[in-house]
Amino acid sequence: MRILMIIDGLPGGGAEKVLLTLAQGLLSQRHQVLIFSLRSVCDYALPKDVEYKIVADYARTPWRKLTELARRARALDKAVLASQQGGGSFDLVVSHLHKTDRIVSRSRVLQRDRIWFCLHTMFSISYLEHRQGFSRWLKRQKIHYLYQKRNLIAVSRGVLEDIQQAFNVTPRQAAVIYNPFDFTGIRQLAQAPCNLAGQDYLIHVGRLHKNKRQDRLLKAYAESGIQDPLVILGEGSEVILGRLKSLAHDLHIADRVLFKAFDTNPYPYIYHARMLILSSDSEGFGNVLVEALICQTPVVSSRCPGGPVEILGGELSAGLAEMSIGSLAATMRAIYYHPPAITPSSLMDYDISTICQQYTSLARDVL
């Protein structure tokens, strides 16, 4: 099977990691996988044997923004035609991230019934929450028009329900396919040296962004009374980092909070942590929760819209906190002293081979 993955660059983000993990899994099942990146940025190592092509936009004219989508769609089509001439048509095309979807939707050479848009986020929160009035109405209309009667993959049931209800989208076809994880690979990477090994500490992994609510995390950590250090692993603007450091100082916990920059291998830090905490306002899926569970590290998450509620089922639901400082603090204490058992059955839905089969079945349905 010939599969094309398209994405707007490969910086250090969750959707980007998902794409590369998926590509690796499909390659291991002897499928041919191509990745078209619409920017040259790439912060991850590419899987061996993947065909990788950059389809970047170098326009510098004053009016480039007005013509960007059509121009970039033409460049994409040119790259697709060149690839198909040498290797044949694609059986499955998966577009990742909203900016990419806007370009792919304008393609005139990709077969519409073979294109699937993979939705990684809660669109109502990411694209509407900060808008008001006409701007909010216009964005809702644009998103409705883009995804209406299209093939959609959602990384959680919450994401699919959100796009259908908040934007009145009726998909042509829809599938909920969780993000894939290479259990063996993650556990091997977790054994790499870690300068925090042997210490008790808590960890939060995520970009420094207002949606991740590291401010709520710091306040809950201070209220929890837990004395183990808190490691915040992730990058963001210097402005947000400065605000968080100032908040930690005001809460009198600055000496126990360690800010560490993004690491392409966060797993040793997760593996050796006493507990991982996610404090977001929303999560399309919540990759880091599954990664921590694979590392046998207990987790706490806000009961936010999206994937965490689906990931933390059964006994693991004890780690779900309401979206308040007090509830998060209380849940952190509870899991710290009484962590639930992490069983193989709680992870089986995320195995890479299972997820790859779900993706290839999309193409077989068309064929």
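Modeller: Asp215 is partly exposed, at 24% relative accessibility. Keep in mind that this is a predicted model.

Biologist: Which residue forms a salt bridge with Asp215?

Modeller: The closest N and O atoms of the pair are 2.8 Å apart, and the cut-off for a salt bridge is 4 Å.

Biologist: Which parts of the chain does the salt bridge between Asp281 and Arg216 tie together?

Modeller: The side chains of Asp281 and Arg216 meet at 2.9 Å, N to O, and both residues are buried. They are 65 residues apart in sequence. Asp281 lies in the loop between strand S11 (275–278) and H11, and Arg216 lies in a helix, so the pair ties that loop to helix H8 (residues 214–224).

Biologist: Lys17 forms a salt bridge with Glu291; is Glu291 buried or exposed?

Modeller: The closest N and O atoms of Lys17 and Glu291 are 3.4 Å apart. Lys17 lies in helix H1 (residues 14–28) and Glu291 in helix H11 (residues 287–294), so the bridge joins parts that are 274 residues apart in sequence. The cut-off for a buried residue is under 20% relative accessible area. Because Glu291 has a relative accessibility of 4%, Glu291 counts as buried.

Biologist: How many salt bridges does a search of the whole structure find?

Modeller: Side chains of opposite charge can pair when their charged atoms come close. Beyond the pairs discussed, Asp8, Arg39, Lys65, Glu68, Arg72 and Lys99 are linked in a network of salt bridges. For the whole structure, the number of salt bridges is 14.

Biologist: How many disulfides are there?

Modeller: A disulfide needs two cysteine sulfur atoms within 2.5 Å. The sulfur of Cys42 has its closest cysteine sulfur in Cys118, 18 Å away, which is too far for a bond. Cys118 is in no disulfide either, with the nearest cysteine sulfur, that of Cys356, 13 Å away. The count of disulfides is zero.

Biologist: Is Cys118 buried or exposed?

Modeller: For contrast, Cys42 has a relative accessible area of 29% and is partly exposed. Cys118 has a relative accessibility of 2%, so Cys118 counts as buried.

Biologist: Which element gives the most to the lining of the second largest pocket?

Modeller: This pocket has a volume of about 500 Å³. Of its 21 lining residues, the closest to the centre are Lys17, Leu20, Thr21, Leu189 and Tyr267. H1, helix H7 (183–189) and H11 each supply at least two lining residues. With six residues, the element that gives the most is H1.

Biologist: How many residues in the lining of the second largest pocket are charged?

Modeller: The lining is divided by residue class, with 12 nonpolar and six polar residues. The number of charged residues in the lining is three.

Biologist: Where is Arg30 found?

Modeller: Phi of Arg30 is near 70 degrees, a positive value in a residue other than glycine. Arg30 is exposed, with a relative accessible area of 78%. Its place is the loop between H1 and strand S2 (32–37).

Biologist: What is the phi of Lys149 near?

Modeller: Lys149 is found in the loop between helix H5 (133–147) and strand S6 (151–154). Lys149 is partly exposed, at 46% relative accessibility. The residue is not glycine, yet its phi is positive, near 60 degrees.

Note on methods. Residues are numbered from 1 along each chain as its sequence is written. This is a predicted model: local features need pLDDT of at least 70, side-chain atom pairs count only at pLDDT 80 or more; totals for chains, interfaces and linings use all residues. Side-chain values use heavy atoms; hydrogens and water are left out. Buried means under 20% relative accessible area, exposed over 50%, partly exposed in between (1.4 Å probe, protein chains only). Helices (H or I, at least four residues) and strands (E, at least two) are DSSP runs, numbered from the N terminus. On a 1 Å grid over the protein atoms alone, a cavity is a set of points where a 1.4 Å probe fits but cannot get out, and a pocket is an open set with protein on both sides within 12 Å along at least five of seven lines; lining residues have an atom within 4 Å of a point. Grid points are joined across faces, edges and corners, and a volume is the space filled by probe spheres set on the points. Ala, Val, Leu, Ile, Met, Phe, Trp, Tyr, Cys and Pro count as nonpolar, Asp, Glu, Lys and Arg as charged, and the others, Gly among them, as polar.
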